[in-house]
Number of protein chains: 2
Amino acid sequence: MDEQGPEGRGQRPRGRGLHDRVLESLGPAITAGVYPPGTVLRTDELERRYDVSRTVVREAVRVLESMHLVESRRRVGVTVRPTEEWDVFDPQVIRWRLAGPDRPRQLRSLTALRSAIEPAAAGLAAEHATPEQCAELTEHALNMVATSRGQQLPAYLVHDVAFHRVILRASGNEMFARLGDVVAEVLTGRTQHRVMFSDPDPEAVTLHVRVAEAVRAGDAEAAERYTKEITVGALRELDILAP
Amino acid sequence: MDEQGPEGRGQRPRGRGLHDRVLESLGPAITAGVYPPGTVLRTDELERRYDVSRTVVREAVRVLESMHLVESRRRVGVTVRPTEEWDVFDPQVIRWRLAGPDRPRQLRSLTALRSAIEPAAAGLAAEHATPEQCAELTEHALNMVATSRGQQLPAYLVHDVAFHRVILRASGNEMFARLGDVVAEVLTGRTQHRVMFSDPDPEAVTLHVRVAEAVRAGDAEAAERYTKEITVGALRELDILAP
DNA sequence: CGTGACTTAAAAGTCATACTTATTTGATGA
DNA sequence: TCATCAAATAAGTATGACTTTTAAGTCACG
């Protein structure tokens with residue numbers, strides 16, 4: 001690391017931490033397939049590439065390793081692992097893949113996941129939701145109705161996301177609750193394709209109101225059924241957009 | 001680090017890597033609540049506690065941070081984050097929590113997750129399974145029948161786990177496929193409670209055969225329905241064991 | 001008294017270097 | 001041909017010096 005000049009390293013672009021900078025560069029690159037499985041990265045090469053110290057590279061690599069994106073072995077280097085072994089549930093990995101060329105495939109997987117989880121969550125929510133959560137649900141549902149016409153997609157989306165977040169949280173299952181971010185991502189990604197093009201499907205809007213009612217009434221079976229219809233609609237929509 | 005003697009550090013217990021040793025001690029401790037949310041750990045304290053260098057501690061902390069178990073801030077230290085922010089889908093976190101006092105609650109969450117995911121996966125499997133996968137399914141189902149009587153629970157369990165793994169993999173959804181390990185954990189955990197006590201429920205065994213048939217026949221609706229029955233049974237079982 | 005600007009110190013972050021250890025490769029010899 | 005050993009290589013670990021952020025304390029001023 002001599003050719004760096006006597007002042008040590010060049011200007012530090014400063015972003016929360018150097019290791020983060022490395023991570024946010026390597027992570028997306030790996031998940032995007034820039035370094036396909038089997039590729040070997042050497043730490044000293046990475047040091048030079050990012051102009052950071054051993055410490056920083058190692059920390060970034062360690063995190064990638066904990067996501068099962070890479071494996072670090074002595075005398076070998078840092079090897080990119082096969083796709084099937086990646087921690088596809090890691091929020092960060094999901095984020096990276098959604099930002100890369102794998103986005104369509106990823107959206108599909110997530111929509112399928114959503115359509116499996118949300119109905120169950122709605123059923124549980126009907127049994128566990130607090131009065132406050134019921135009120136929130138109704139409010140968001142009504143706001144969805146209000147913003148469902150006249151090119152107000154951004155406002156609609158806010159309530160849509162909020163609605164599903166409440167459902168997941170009200171299920172009382174921490175794992176379901178944690179999927180709130182993922183669902184938000186899917187919903188947002190969905191509308192980004194046809195921005196401001198068409199108002200949301202009126203039927204879907206109605207279904208949200210019905211779900212809110214069912215949850216408030218404690219009718220698990222109905223809540224589950226209506227939510228299922230919503231997510232099935234989402235799945236169908238995917239097939240229409242990219243058959 | 002002076003009081004360590006002239007030889008440097010004491011004997012090194014050697015386990016794949018020092019950072020792993022620290023991680024495998026801190027992770028379980030945090031998830032078990034030994035260090036409740038809000039607790040502040042200082043890195044130099046950890047260095048002394050585990051008798052390792054900064055390098056090692058920092059890497060371990062960095063990984064814990066990527067799991068959202070802790071947050072590291074300058075001038076403050078490493079703070080344990082609130083439970084709701086943990087990456088509950090991280091396989092390692094799941095493992096740690098299953099090994100700790102939170103195990104019952106964790107098994108419940110996972111069983112609920114399972115009962116949401118598996119029926120959907122079975123439905124997809126009916127549409128996507130290869131002939132080889134169908135054959136595997138049938139074989140495991142038959143082996144389950146064969147080992148379902150006469151105190152052969154360990155053998156039964158092997159096929160049960162394998163059966164569900166195939167279903168998840170055959171769904172063609174990478175996220176479903178990745179839940180194979182979790183399901184295996186749940187199934188194993190379930191039998192550990194009543195080891196060698198009773199033979200598995202004959203009805204459940206039959207249902208597995210039905211699912212295998214439905215998948216082979218490409219009948220998504222039936223595969224989903226039968227699988228749903230299996231998982232509902234698992235849920236009911238939980239309520240009986242710990243109401 | 002408050003309140004805002006300035007100082008201080010604590011703890012994480014980063015770097016450079018020296019050293020250790022595991023593992024692959026391949027050369028040696030039975 | 002195969003086992004064994006030696007060397008080379010890249011990750012792993014330790015450590016000390018230094019930087020940066022920021023909570024908290026201090027002091028002057030309104």
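In chain B, B:V70 stands opposite B:V80 of strand β3(B), a pairing within an open sheet of three strands in that chain. This is a predicted model, in which local features need pLDDT of at least 70, side-chain atom pairs count only at pLDDT 80 or more, and totals for chains, interfaces and linings use all residues. Residues are numbered from 1 along each chain as its sequence is written, while chains are lettered from A and ligands numbered from 1 in the order in which they are written. Helices (H or I, at least four residues) and strands (E, at least two) are DSSP runs, numbered from the N terminus.

**The sheet of chain B**

- The strand order is β1-β3-β2 with antiparallel pairing, where two strands pair if DSSP finds at least two bridges between them.
- Because β1 (40-41) and β2 (70-73) of chain B stand at the edges with a single partner strand each, one side of each is left without a neighbour in the sheet.
- Four bridges connect β2(B) with β3 (residues 77-80) of chain B in the antiparallel sense, and B:E71 stands opposite B:T79 in β3(B).
- β1(B) and β3(B) also run antiparallel, joined by two bridges, and B:T79 in β3(B) is the bridge partner of B:V40.
- Three residues lie between β2(B) and β3(B) in their hairpin, and B:R75 in the turn has a positive phi of about 65 degrees.
- Helix α3(B) lies across β2 and β3 of chain B, running at about 125 degrees to β2(B); axes are lines fitted to C-alpha atoms, for helices over the stretch in contact, and angles run from 0 to 180 degrees between N-to-C directions.

**Helix packing**

- In chain A, helix α5 (residues 103-128) and helix α7 (residues 153-170) pack at an angle of about 65 degrees, with their axes 7 Å apart.
- That angle makes α5(A) roughly perpendicular to α7(A), given that angles under 35 degrees count as roughly parallel, over 145 as roughly antiparallel, 65 to 115 as roughly perpendicular and the rest as oblique.
- The contact is made by A:E118, A:A121, A:A122, A:A125 and A:H128 of α5(A) together with A:H164, A:I167, A:L168 and A:A170 of α7(A), where residues are in contact if their C-beta atoms, placed from the backbone, lie within 7 Å.
- In chain B, helix α7 (residues 153-170) and helix α9 (residues 180-193) pack at an angle of about 155 degrees, with their axes 9 Å apart, and α7(B) and α9(B) are therefore roughly antiparallel to each other.
- By class, the contact of α7(B) with α9(B) has seven nonpolar, four polar and three charged residues; Ala, Val, Leu, Ile, Met, Phe, Trp, Tyr, Cys and Pro count as nonpolar, Asp, Glu, Lys and Arg as charged, and the others, Gly among them, as polar.

**Contact between chains A and B**

- The contact takes 23 residues from chain B and 23 residues from chain A, and the elements of chain B that each supply at least two residues to its side are α3, α5 (103-128) and α8 (174-177).
- α5(B) gives the most to the side of chain B that touches chain A, with seven residues, and this side divides into 10 nonpolar, six polar and seven charged residues.

**Surroundings of DNA strand D**

- DNA strand D is surrounded by 25 residues, of which the closest are A:R42, A:T43, A:G77, B:L18 and B:S53; a residue is near a strand or molecule if its C-beta atom, placed from the backbone, lies within 6 Å of it.
- α3(B) gives the most to this surface, with three residues, and by class the surface near DNA strand D has six nonpolar, eight polar and 11 charged residues.

Methods:
Two residues are in contact if their C-beta atoms, placed from the backbone, lie within 7 Å.
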